[in-house]
Amino acid sequence: MAGALQQLTDNLLGLLFPDRCIGCRRVGALLCRACAAQLPRYPAQVLLSLPVPVPPYLREVRVVYTYQGALRQAVHALKYEGQRRMALPLGALLTAYLHEQPMPADAIIPVPLHTHRLRQRGFNQSALLGRVLADRTNIPLLTGQLARLRDTPSQVGLNMWQRQTNMHAAFVWRGVAAAPARVVLLDDVLTTGATAHACAEVLHAAGVREVRVLALARSVLSE
Ligand SMILES: [Zn+2]
């Protein structure tokens with residue numbers, strides 16, 4: 001019943017406030033095809049500040065888009081303005097990327113939020129993206145097993161060593177069943193890679209053999 005009511009409310013709101021593209025404001029979609037096609041891909045040559053040597057279980061870190069323009073606005077709307085529906089076009093972009101450049105995976109695990117943050121925001125944006133991706137790729141989504149113990153303070157202004165320390169013991173594995181062998185760790189916006197690395201460490205300790213990080217976006221200059 002709650003679902004039907006929600007659907008009705010959404011339909012009414014859709015009539016009153018039709019979807020507009022976050023990029024060009026044209027009516028019809030939250031992110032139109034033309035704007036989606038113009039999103040700048042993240043330049044592969046930009047390296048992340050991961051520890052050296054990168055641990056063997058952390059197989060790769062991929063970033064799809066540069067965090068700017070319409071993509072930045074879309075992520076902002078999703079994360080800070082509570083526009084959950086924005087997860088659909090963004091999840092579709094991730095799906096298209098994975099079809100183009102597949103990653104072997106037995107499960108998709110979104111980077112978890114701390115419960116405080118989750119309560120504050122009401123949802124985990126990476127989990128919403130993961131839901132869309134999982135539905136469209138048939139790779140199972142695992143949530144609630146990798147948990148965030150500490151809401152780590154901002155990484156801005158910290159050097160690499162400080163970032164790693166900041167992240168230390170921030171995550172824990174709470175899975176009861178055996179951990180999947182190959183995981184795609186999904187993040188919305190990657191900054192330094194320190195969070196992804198801390199998650200990968202915990203996943204590996206839980207029995208995951210291969211961790212591949214997939215992030216929707218990253219600022220080219222975020223260091
Ligand atoms: Zn547009």
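Which helices and strands each supply at least two residues of the lining of the second largest pocket? The elements in question are α4 (87–100), β2 (107–110), α5 (115–121), α6 (125–137) and β3 (146–148). The structure is a predicted model, in which local features need pLDDT of at least 70 and side-chain atom pairs count only at pLDDT 80 or more, while totals for chains, interfaces and linings use all residues. Residues are numbered from 1 along each chain as its sequence is written, and side-chain values use heavy atoms, with hydrogens and water left out.

The secondary structure of the protein chain comprises eight helices and six strands; helices (H or I, at least four residues) and strands (E, at least two) are DSSP runs, numbered from the N terminus. Along the sequence, these elements follow the pattern α-α-β-α-α-β-α-α-β-α-β-β-α-β. Of the 223 residues in the protein chain, 48% are buried, where buried means under 20% relative accessible area, exposed over 50%, and partly exposed in between (1.4 Å probe, protein chains only).

Rolling a probe the size of a water molecule over the atoms shows where empty space is left. On a 1 Å grid over the protein atoms alone, a pocket is an open set of points where a 1.4 Å probe fits, with protein on both sides within 12 Å along at least five of seven lines, and lining residues have an atom within 4 Å of a point. The second largest pocket holds about 490 Å³ of space, the volume being the space filled by probe spheres set on the points, which are joined across faces, edges and corners. Its lining consists of 26 residues, and L118, F123, N124, A127 and T143 lie nearest the centre. Helix α6 gives the most to this lining, with four residues. By type, the lining residues divide into 16 nonpolar, five polar and five charged; Ala, Val, Leu, Ile, Met, Phe, Trp, Tyr, Cys and Pro count as nonpolar, Asp, Glu, Lys and Arg as charged, and the others, Gly among them, as polar.

Side chains of opposite charge can pair when their charged atoms come close. The whole structure contains nine salt bridges, each defined as a side-chain nitrogen of Lys or Arg within 4 Å of a carboxyl oxygen of Asp or Glu. In one of them, R85 pairs with D19, and the closest N and O atoms are 2.8 Å apart. R85 lies in the loop between α3 (69–80) and α4, and D19 in the loop between α1 and α2 (33–37), so this pair ties together parts that are 66 residues apart in sequence. R85 is partly exposed, with a relative accessible area of 45%, and D19 is also partly exposed, at 24%.

A further salt bridge joins R59 and E210 (3.7 Å, N to O). Because R59 belongs to strand β1 (residues 58–66) and E210 to strand β6 (residues 210–218), the pair ties together parts that are 151 residues apart in sequence. R59 is partly exposed at 45% relative accessibility, whereas E210 is buried at 17%. E210 also forms a salt bridge with R212 (2.8 Å, N to O), and R212 is buried, with a relative accessible area of 9%. R59, E60, R62, E210 and R212 are linked in a network of salt bridges.

R209 lies in the loop between α8 (194–205) and β6 and counts as exposed, at 57% relative accessibility.
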